[in-house]
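Here are some notes to keep beside you as you look through this structure for the first time. Take the points in order, and turn the view as you go.

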Amino acid sequence: MAESRSELDVLVQRVVKDITNAFKRNPNIDEIGVIPCPEGRYNRSPIVVVENKLGVESWCVKFLLPYVHNKLLLYRQRKHWLDKEALVDITSTLLLLNPDFTTAWNVRKELIQCGVLDPEKDLYLGKLALTKFPKSPETWIHRRWVLQQTLRRLSAADSSGKQKQGEAEQADVERSQQFSYHLAQMFHEELNVCSDAACSYPSNYNAWSHRIWVLQHMAKGNVEVFHDELSTMRQWVSIHVSDHSGFHYRQFLLKELIDEFSLTPALSKNCSPQHQSRTVPRSWLLRPINVNANGQQSGIETTDEDERELELAKLFELFHQEMELCSDLIRSFPGHETLWSHRRHVFYLWHQWRWEHQLYYFNSNGSTVLNNIGDTVRLKPGAQDCGDWGADTMEVDGISLPDPTDSKRLKRGFRLSSLPSLSSECTFLSAILERQCNPEQRHFGLAYKKWLDSVIGKVLGEN
């Protein structure tokens, strides 16, 4: 028995060495897996590499995993000594077979902190582990830790270089460009890793949460990146209509874009000082409107007004396009609860924005009139629907404001009547319920209608 145990140890040590050598010979391995093989055949290595894919024959896993596991535990308990190179090989093998073993990741953290292990190698190891275990929470957690260390190191190097006296300005520019290039590379690599994991495992909450973290820490405030993500993921969610995590990611992007639009200079300046203490964000306070004796508006710089209207048009278009996407998918793929849940969230987000972010118009005598976006304040006779944008012209203190349905008011030609409202939702629901025979679609439609009546309708009634 002792002899067989000794032979087994020699065999497993050889397998660990074969795995290490496989990565040295082929540094472009991009996927790992287990090859079904009940028992070892012929006198050959159980490690197979074909076209950048590494496979481990299943018969050796039951010996290999306990061996590397026990070796690492003995090392942590100070009962067995391992040199740095052996420690890297043992933890690599263990994590490729069981990436949720936290102790192994912690050992590698220590190796990174003492400068023995390159953080890039750990990102690569985590990427490989995720090809076999795409939902592994410990792998995603460790990946974020490594990224934080790398970002901190890059930022410190960039800052220290700029603080050196007498250094040429050109060198500073080159250093900043290097930093930006490295950051962009890391960013796109993380997005690719998240996409692969999300496609490998449906509703992969861990992968989508990591993607959100990456945007928050590596692209914060970059509106263009958020727009690109929203556009790119449109096709993805159109294919994966039952993946709630993917739609939750779109909801995050919408919220972030709304917040960024709220901080644009075109919308945040020229606010009335007497209303800056209100709970409504300053970014949505319109510039005062002065009215002369002829009832004409004056004192507004056309350029500023055009910029504000353009930013508002972009925001309105976000909501309009997202609701249109929901409508198309619900019609094309009936009976998917995820689509109805996403529609509910987007409409509530729009409804909440309408009531929380309000526009203020100030006339020449200093009085203030509140114009809640999407609703009418004082309509000419005949206007009754408070949920719609309305076809009638609003009057503020006797002054006729421009028709909100006039496309000339927005430089991009966006018609405000296209925005979601309670009546438009009712119209959409009626069309769905009338022509759909799918029982699940009807059930979700009626549930959405009940939600509109109990939540949105109640809020409208209170206001």
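1. Start with the crossing of two helices: α2 passes α3 in a left-handed crossing. Please keep in mind, here and below, that this is a predicted model. Helix α2 covers residues 58-76 and helix α3 covers residues 84-97. Their axes lie 9 Å apart, and the angle at which the two helices pack is about 130 degrees. Angles over 145 degrees would count as roughly antiparallel and 65 to 115 as roughly perpendicular, so α2 and α3 are oblique to each other.

2. Which residues of α2 and α3 meet? On the α2 side they are Leu64, Leu65, Val68, His69, Lys71, Leu72 and Tyr75. On the α3 side you will find Leu87, Ile90, Thr91, Thr93, Leu94 and Leu97. Sorted by class, the contact of α2 with α3 consists of nine nonpolar, three polar and one charged residues.

3. Helix α3 has another partner worth a look, helix α5, which spans residues 119-132. The axes of α3 and α5 are 8 Å apart, and the helices pack at an angle of about 30 degrees. Angles under 35 degrees count as roughly parallel, and α3 is therefore roughly parallel to α5.

4. The contact between α3 and α5 brings Ser92, Leu95 and Leu96 of α3 against Leu125, Leu128 and Ala129 of α5. Five of the residues in the contact of α3 with α5 are nonpolar, one is polar and none is charged.

5. Now move to the strands. Is strand β3, residues 53-57, largely enclosed or left open by the rest of the structure? Four of the five residues of β3 are buried, so β3 is largely enclosed.

6. Strand β3 pairs with β1 and with β2. Strand β1 (residues 31-35) runs parallel to β3, and five bridges join the two. To find one of these pairings in your viewer, look at Ile35, whose bridge partner in β3 is Glu57. Strand β2 (residues 47-50) runs antiparallel to β3, with four bridges joining them. Here Val50 has Lys53 as its bridge partner in β3.

7. Strands β2 and β3 form a hairpin, with two residues between them. In the turn, Glu51 has a positive phi of about 50 degrees. Asn52 lies in the loop between β2 and β3 as well, and its phi is near 65 degrees, a positive value in a residue other than glycine. Is Asn52 buried or partly exposed? Its relative accessibility is 28%, so Asn52 counts as partly exposed.

8. Ser203 counts as partly exposed because its relative accessibility is 30%.

9. Finally, step back to the whole protein. Its secondary structure comes to 15 helices and nine strands. How many residues does the protein have, and what share of them counts as buried? There are 463 residues, and 44% of them count as buried. Among contacts between residues at least 6 apart in sequence, 60% join residues at least 24 apart.

Note on methods
Residues numbered from 1 in each chain as written. Predicted model: local features only at pLDDT ≥ 70, side-chain atom pairs only at ≥ 80, totals over all residues. Heavy atoms only, no water. Axes fitted to C-alpha atoms, helices over the stretch in contact; angles between N-to-C directions. Left-handed = near helix turned anticlockwise from the far one by under 90°. Contact = heavy atoms within 4.5 Å. Nonpolar A, V, L, I, M, F, W, Y, C, P; charged D, E, K, R; others polar. Buried < 20%, exposed > 50% of the residue type's maximum accessible area, 1.4 Å probe, protein only. Pairing = 2+ DSSP bridges.
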